[in-house]
Amino acid sequence: MIALLLLGLMALCAAVPAAMFIINLRRYVSPRFGYVENEYVAVLIPARNEARNIKSCVEAVLASEDVAVEVWVCDDGSSDATTHIVRAMSEADERVHLLHSPEMIRGWKGKQHACWKLAREAIHAPLLLFLDADVRVHPWAIARAVAALRRWDVSLLSGFLRTEYEGFLDALLLPLMQFFLLTYMPLRKMQESTDERYSVASSKLMLVERGAYFASGGHAAIRGVADDGVLLARVFREHGYFTDVVDLTKLASVHLRRSPGATWASLSRRIADTFEMSGKPFWVTTLLKLAQLAPAVVLGWLLYAAIVDFSDLLHGSKNLDIDTMFFGGLLMAIAIICALVPRLWAAYRFKQPWWSAVMHPLGVAVLLVLEGSVWLRTKLFRPSPRATRSYAE
């Protein structure tokens with residue numbers, strides 16, 4: 001009986017996120033075509049050693065349709081050809097501007113410092129679009145994002161892009177960020193309130209109203225953190241501004257090329273920042289993820305027990321409880337379906353690697369190890385903020 005109760009609890013813990021996933025998909029939509037009149041957007045790109053990406057990124061922005069754009073690139077101490085590439089583009093197109101990041105004040109992170117400088121320089125645009133140099137936007141992406149921001153009356157709009165992964169660890173872990181957003185974040189409450197507990201954003205592409213950005217403090221308010229996605233949305237919400245997140249799978253893409261060590265370090269910094277500013281107890285997020293991992297663990301244990309008990313059944317030393325096996329198997333099937341089907345659905349909907357969905361339990365386990373190590377490190381060691389130009393992405 002105790003085993004059935006535990007299986008029932010596990011099935012419930014898997015079914016609730018699955019139901020939330022289905023509900024949230026109705027609100028997590030791609031920006032539709034909308035009429036944009038006399039809108040002017042400054043696209044702000046912080047760049048450090050982005051010679052491989054910067055030309056394609058800027059060219060994609062300049063090809064935008066139905067909206068007027070200008071591009072500001074802040075070369076943040078690059079040691080490669082980033083400066084020369086952007087300077088040549090600025091000479092060929094007056095919409096492109098090149099800035100150089102000055103010496104930072106102690107306590108700033110490199111990307112936040114560059115974004116803050118860019119925002120202060122682009123004084124003529126009422127809308128600011130913060131964009132990473134490795135992102136490629138569709139010609140109608142910016143116009144549709146602007147139309148959505150105006151139609152929904154929000155001050156910050158961001159979205160998750162289509163990501164092409166080269167590294168195993170990136171493909172295993174990063175899709176989980178979007179998946180957990182849709183399974184545990186009530187998007188209705190996020191869209192209908194400014195409660196900072198429902199802060200969510202993607203740092204790859206963020207469109208903001210200039211007035212709200214400076215009124216809330218912008219990147220200066222999060223100067224000492226590595227990731228400016230969720231935390232910038234939180235700053236906006238703390239000042240009473242609405243934010244929203246959309247599906248940009250068909251409108252923008254990013255190609256990630258980094259080593260497993262770089263992936264681990266990047267995610268560690270982002271998780272550490274989230275722990276520091278979110279205020280949510282570590283055990284809450286851990287239990288939510290364990291609910292995704294539990295069905296696979298229990299299934300493995302049941303298979304092992306079945307193999308061991310099978311010999312006892314053959315020799316007649318153990319009786320077969322048909323009712324317990326039936327209800328236990330039913331609850332187990334519900335838990336597995338509720339945990340795996342939404343993940344497979346997300347992989348199909350957002351063009352993610354199918355094998356990462358199949359390996360969902362492994363990904364959750366690795367993410368738990370990563371979060372646990374970060375949590376222990378932040379509890380045992382609290383390093384003082386220091387100026388650095390390392391980017392977290």
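When I say buried today, I mean under 20% relative accessible area, while exposed is over 50% and partly exposed is in between, with a 1.4 Å probe and protein chains only. By that rule Asp-132, at 6% relative accessibility, counts as buried.

Okay, some housekeeping. This is a predicted model, so local features need pLDDT of at least 70 and side-chain atom pairs count only at pLDDT 80 or more, while totals for chains, interfaces and linings use all residues. Residues are numbered from 1 along each chain as its sequence is written, and side-chain values use heavy atoms, with hydrogens and water left out.

Back to Asp-132, then. What does its side chain meet in a salt bridge? That would be Lys-111, at 2.9 Å, N to O. A salt bridge here is a side-chain nitrogen of Lys or Arg within 4 Å of a carboxyl oxygen of Asp or Glu. The two ends come from distant parts of the chain, 21 residues apart: Lys-111 is in helix 4 (residues 110-121), and Asp-132 is in the loop between strand 4 (127-131) and strand 5 (135-137). Helices (H or I, at least four residues) and strands (E, at least two) are DSSP runs, numbered from the N terminus. Lys-111 is buried too, at 3% relative accessibility.

Next pair: Lys-204 and Asp-134 form a salt bridge, with the closest N and O atoms 3.0 Å apart. Lys-204 sits in the loop between helix 7 (187-192) and strand 7 (205-209) and Asp-134 in the loop between strand 4 and strand 5, so this one ties together parts that are 70 residues apart in sequence. Lys-204 is buried at 13% relative accessible area, and for Asp-134 the value is 13%, also buried. Both pairs belong to a network of salt bridges that links Lys-111, Asp-132, Asp-134, Lys-204 and Asp-228.

The whole structure has 16 salt bridges. Another one joins Asp-195 and Arg-197, at 2.7 Å, N to O. Here Asp-195 is partly exposed at 21%, and Arg-197 is exposed at 60%.

On to the cavity. Leu-129, Ala-141, Ile-142, Ala-145, Leu-205, Leu-248, Leu-251 and Ala-252 line it. That's eight nonpolar residues, no polar and no charged.

Now the backbone. Most residues other than glycine have a negative phi. Asn-49, though, has a positive phi near 55 degrees; it is in the loop between strand 1 (40-47) and helix 2 (54-62) and is partly exposed at 33%. Asp-153 also has a positive phi, about 55 degrees. That residue is in the loop between helix 5 and strand 6 (156-165), and it is exposed at 62%.

Last stop, the surface. Leu-340, Leu-344, Trp-354 and Val-358 make a nonpolar patch of about 400 Å². Patch residues have over 30% relative accessible area and no salt bridge, and nonpolar side chains are joined within 5 Å. Helix 12 (322-349) and helix 13 (354-358) each supply at least two of the residues. Trp-354, in helix 13, is exposed at 63%.

Notes
Patch = residues over 30% accessible without salt bridge, like charges linked within 9 Å, V, L, I, M, F, W, Y side chains within 5 Å. Areas by Shrake-Rupley, 256 points an atom, 1.4 Å probe, with all protein chains shown as cover. 1 Å grid on protein atoms, 1.4 Å probe; cavity = no way out; pocket = protein on both sides within 12 Å on 5 of 7 lines; lining within 4 Å. Nonpolar A, V, L, I, M, F, W, Y, C, P; charged D, E, K, R; others polar.
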